[in-house]
Amino acid sequence: MKRFEIDKKDLEMLEEKISKLGDNAESETNSIIHDFGFRTLEDKVTDKLPVSSRNKRHAKYSEPFKADKYNLGFDFKTKGGSANKKNSYGYLVFPNEGRGPRNKIAREFTNKGTSVAKPIIMKELLERITNKIQEVI
């Protein structure tokens with residue numbers, strides 16, 4: 001599981017713009033993070049997923065992630081769970097540790113995907129909030 005949330009540094013960047021939105025600020029921010037943010041993180045992590053040469057279904061082509069949403073963030077998780085569950089990808093349970101008989105090297109695809117996605121999400125958040133402020137004014 002990887003947690004995406006707005007941290008203090010990010011919040012300071014947004015504080016002035018968000019305050020201009022008034023009562024709609026929180027719901028607007030959550031809407032952007034939960035929709036655009038999750039889809040962006042999912043795309044960037046999926047891009048980093050390995051594909052073996054074995055003839056089998058691969059997580060990269062199966063939309064294996066889900067989000068548990070909360071205020072100003074979400075937990076990025078895999079669907080299913082351990083490898084013994086149907087339609088599950090065992091190597092996604094511990095995505096940055098490289099566990100498993102065929103996956104002995106930590107790939108860190110969740111961390112790498114998050115590093116790429118976070119600036120994109122923050123840029124989009126700033127742009128949409130700015131546009132929303134201009135609509136109100």
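**Entry 1: the sheet**

In what order do the three strands of the open sheet lie, and is the pairing parallel or antiparallel? I looked this up before anything else, keeping in mind that the model is predicted. The order is 1-3-2, and the pairing is antiparallel. Strand 1 (2-5) and strand 2 (65-70) are the edge strands, each with pairing on one side only.

**Entry 2: pairing, strand by strand**

I went through the bridges next. Strand 1 is joined to strand 3 (residues 73-78) by four bridges, and I found Lys 2 partnered with Phe 76 of strand 3. On the other pairing, six bridges link strand 2 with strand 3, again antiparallel. There, Lys 66 has Lys 77 of strand 3 as its bridge partner.

I then followed the chain through the hairpin of strand 2 and strand 3 and found two residues between the strands. Leu 72 in this hairpin has a positive phi near 60 degrees.

**Entry 3: helix 1**

I turned to helix 1 (residues 8-21), which has 14 residues. From first C-alpha to last, helix 1 reaches 19 Å, close to the 20 Å expected at 1.5 Å a residue. Where does helix 1 bend? I place the bend at Glu 15, and the angle is about 50 degrees.

For burial, my list for helix 1 reads Asp 10, Leu 14, Ile 18 and Leu 21. Just past the end of this helix, I noted Gly 22 with a positive phi of about 70 degrees.

**Entry 4: the whole chain**

Stepping back, I count three helices and three strands in the protein chain, and along the sequence they follow the pattern β-α-α-β-β-α. Of the 137 residues, 35% are buried. I looked at contacts with a separation of 6 or more, and 64% of them are between residues 24 or more positions apart. Last, I checked the surface: the protein chain exposes about 8700 Å², and carbon and sulfur atoms supply 47% of that area.

Methods:
Residues are numbered from 1 along each chain as its sequence is written. This is a predicted model: local features need pLDDT of at least 70, side-chain atom pairs count only at pLDDT 80 or more; totals for chains, interfaces and linings use all residues. Side-chain values use heavy atoms; hydrogens and water are left out. Two strands pair if DSSP finds at least two bridges between them. Buried means under 20% relative accessible area, exposed over 50%, partly exposed in between (1.4 Å probe, protein chains only). Contact means heavy atoms within 4.5 Å. Accessible areas come from the Shrake-Rupley method with a 1.4 Å probe; for residues, only the protein chains shown count as cover. The expected span of a helix is 1.5 Å times one less than its number of residues. The bend at a residue is the angle between axes fitted to the seven residues ending there and the seven starting there.
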